[in-house]
Amino acid sequence: MTLSVFNTMGSRKEPFVPLVPGKVGMYVCGVTVYDLCHIGHARANVAFDIIVRYLRHTGYDVTYVRNFTDIDDKIIRKANQEGVPFEAVTKKYIGAFYEDFDRLGLLRPDAEPKATGHIPEIVALTERLVRAGKAYPVGGDVYYSVKGFPEYGKLSGKNVEDLLAGARVDVDERKNDPLDFALWKASKPGEPAWESPWGPGRPGWHIECSAMSMKRLGETFDIHGGGKDLVFPHHENEIAQSEAATGKPFARYWLHNGFVNINNEKMSKSLGNFFTLRDVLARVKPEVLRFFLASSHYRSPIDYSDRSLGEAKAGLDRLYRVKEKAESCRAAGATPSSAPEGGEFEPLRGAPARFADAMDDDFNTAAALGRLFDAVRALNRLAPAEPSADRERAGIFLAGYELLDPLFAVLGLLRAGAKEYFKERLDVTHVGGISSGTTISDAVRVEIISRITEDEIERRIEARRAARAAKQYAEADRIRKDLEAAGVLLEDGKTGTTWKYKE
RNA sequence: GGCGGCAUAGCCAAGUGGUAAGGCAGAGGACUGCAAAUCCUUUAUCCCCCGGUUCGAAUCCGGGUGCCGCCUCCA
């Protein structure tokens with residue numbers, strides 16, 4: 001099977017055939033840096049992170065470009081509120097972006113252009129449109145003339161008449177037509193400004209993505225991605241201005257991720273019902289959020305709740321337990337031998353192909369995870385109770401695990417050591433849950449958990465071992481219960497007792 | 001008003017013409033001093049409702065109901 005993707009342009013799945021065999025140019029709309037990122041941003045970024053990882057996994061040489069929008073009205077407003085230069089705002093939130101998304105394990109793109117770093121390109125593209133009669137200057141602004149692009153609406157499936165009939169198009173006297181949008185905006189006194197043929201001003205929102213994507217990837221490139229909410233008007237406008245300027249098709253495949261919902265409603269800044277990534281990463285380990293996001297198809301809406309996160313954690317724990325076993329096999333000196341024979345292990349041996357089948361179907365991570373769980377069940381059957389005493393079995397187990405590890409890597413999962421995963425303790429826990437009727441302020445209140453030290457845990461395990469040896473099971477069970485109440489889970493194995501944090 | 005999407009077990013979620021993946025939770029069994037973990041078995045006679053097409057539909061078509069999104073900044 002070969003990769004097919006759902007192309008918003010045309011609203012159907014199509015075989016993916018890149019412009020240049022073996023190479024993929026991909027541009028994803030990034031964030032406007034005026035505030036902390038929320039889970040919606042996390043979803044978009046994780047979705048495209050997995051897409052890039054998979055494309056590379058299948059052998060494509062991917063050039064991945066993701067921008068920062070670092071000049072716009074919201075940034076200016078924030079800077080004014082805080083009485084700082086706009087660069088201070090963007091610098092701060094770009095820093096926050098990396099801090100949050102590095103924890104989520106996002107790949108760094110090959111290029112991360114910023115609008116303010118591409119003013120000459122933006123001005124040049126705007127001039128090109130003006131010269132071509134596709135745009136017109138009015139009093140320091142420059143507007144794109146939508147009427148001059150007959151295909152306007154081809155991405156979002158809208159037609160110009162319907163848009164005009166909608167009462168929500170703002171009326172601006174200076175525009176020739178209500179649908180026209182700004183390529184360049186004249187600056188008011190005191191606002192950030194760059195010189196241009198039309199006087200001091202700054203770029204409109206849409207033009208930066210056209211200018212920066214074409215600069216990095218050429219006038220026609222393979223994949224353009226972003227959230228569903230960018231289809232109209234942002235991407236529609238990008239197409240209009242880019243294709244009007246070049247006369248060539250702009251992006252060939254348009255990929256859009258679905259929203260994160262809270263209580264079945266879109267989470268967004270404007271609705272105020274959002275959780276920042278930091279809120280979430282204070283509650284769960286980053287990979288739990290990744291697992292949660294990967295457990296739905298990227299185009300489907302996904303409902304965020306404590307319960308879903310808890311289920312994701314349980315599922316990811318299960319996967320990490322497999323990695324934990326692989327690590328103990330390796331620690332026991334085993335080396336990977338060969339994958340197990342026999343029909344019952346087919347889900348394991350066939351995992352790479354099954355995984356690829358799922359991912360080839362428009363990056364179906366939910367189905368791919370299902371195949372991985374099938375493989376994990378088969379692999380667990382082989383787990384040696386005592387790796388050091390059963391090297392042969394340990395070697396087969398390791399070989400099986402190594403078949404799977406690259407697939408987990410495509411999803412960005414199981415990237416930590418199992419020990420760190422199970423013994424990484426979250427610093428804070430939240431009071432209150434995220435469920436129907438919960439307000440955001442309830443949910444983000446935090447309290448510090450009182451901790452028990454690892455030495456103390458070891459001490460108590462030793463006391464319990466002694467009690468068990470003396471068959472004082474009541475005492476042994478009491479110790480286990482106390483530790484459990486402190487969030488520590490004990491597991492008795494053949495070679496001794498191990499522990500992990502429960503949360 | 002215009003355009004679009006979704007409705008699958010207690011919960012999450014794949015599947016889009018051939019007779020319901022997977023996860024979580026639950027039940028029984030094996031293992032264990034008991035647990036935990038793991039393994040085995042089990043949990044939707046049926047995929048919102050009503051019609052239709054078909055040898056055959058959760059999957060296609062028509063109608064209905066419900067929910068959501070876009071048309072304004074938004075991942």
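pLDDT is the predictor's confidence in each residue, from 0 to 100. All the views below come from a predicted model, where local features need pLDDT of at least 70, side-chain atom pairs count only at pLDDT 80 or more, and totals for chains, interfaces and linings use all residues. Residues are numbered from 1 along each chain as its sequence is written, chains are lettered from A and ligands numbered from 1 in the order in which they are written, and side-chain values use heavy atoms, with hydrogens and water left out.

**View 1. Confidence along chain A.** The mean pLDDT of chain A is 91, and 93% of its residues reach at least 70. Strand E4 (residues 61-69) comes out highest at 98, while strand E15 (residues 446-448) sits lowest with a mean of 36. Helices (H or I, at least four residues) and strands (E, at least two) are DSSP runs, numbered from the N terminus. For the complex, the predictor gives an ipTM of 0.96 and a pTM of 0.94.

**View 2. Cysteines without a disulfide.** A disulfide is a pair of cysteine sulfur atoms within 2.5 Å, and the whole structure has zero of them. Cys29 is buried (under 20% relative accessible area; exposed is over 50%, partly exposed in between; 1.4 Å probe, protein chains only) at 12%, and Cys37 is buried at 4%.

**View 3. A three-stranded open sheet.** The strand order is E12-E11-E13, with mixed pairing. Strands E12 (265-266) and E13 (302-304) form the edges, each pairing on one side only. Two strands pair if DSSP finds at least two bridges between them; E11 (residues 260-262) and E13 have three, in the parallel sense. One to click on: Ile262 has Tyr304 of E13 as its bridge partner.

**View 4. Lining of the largest cavity.** Which helix gives the most to this lining? Helix H1 does, with five residues. H1 (39-57) and helix H9 (286-294) each supply at least two. Among the lining residues are Arg43, Ile50, Leu293, His297 and Phe363.

Definitions and conventions: On a 1 Å grid over the protein atoms alone, a cavity is a set of points where a 1.4 Å probe fits but cannot get out, and a pocket is an open set with protein on both sides within 12 Å along at least five of seven lines; lining residues have an atom within 4 Å of a point.
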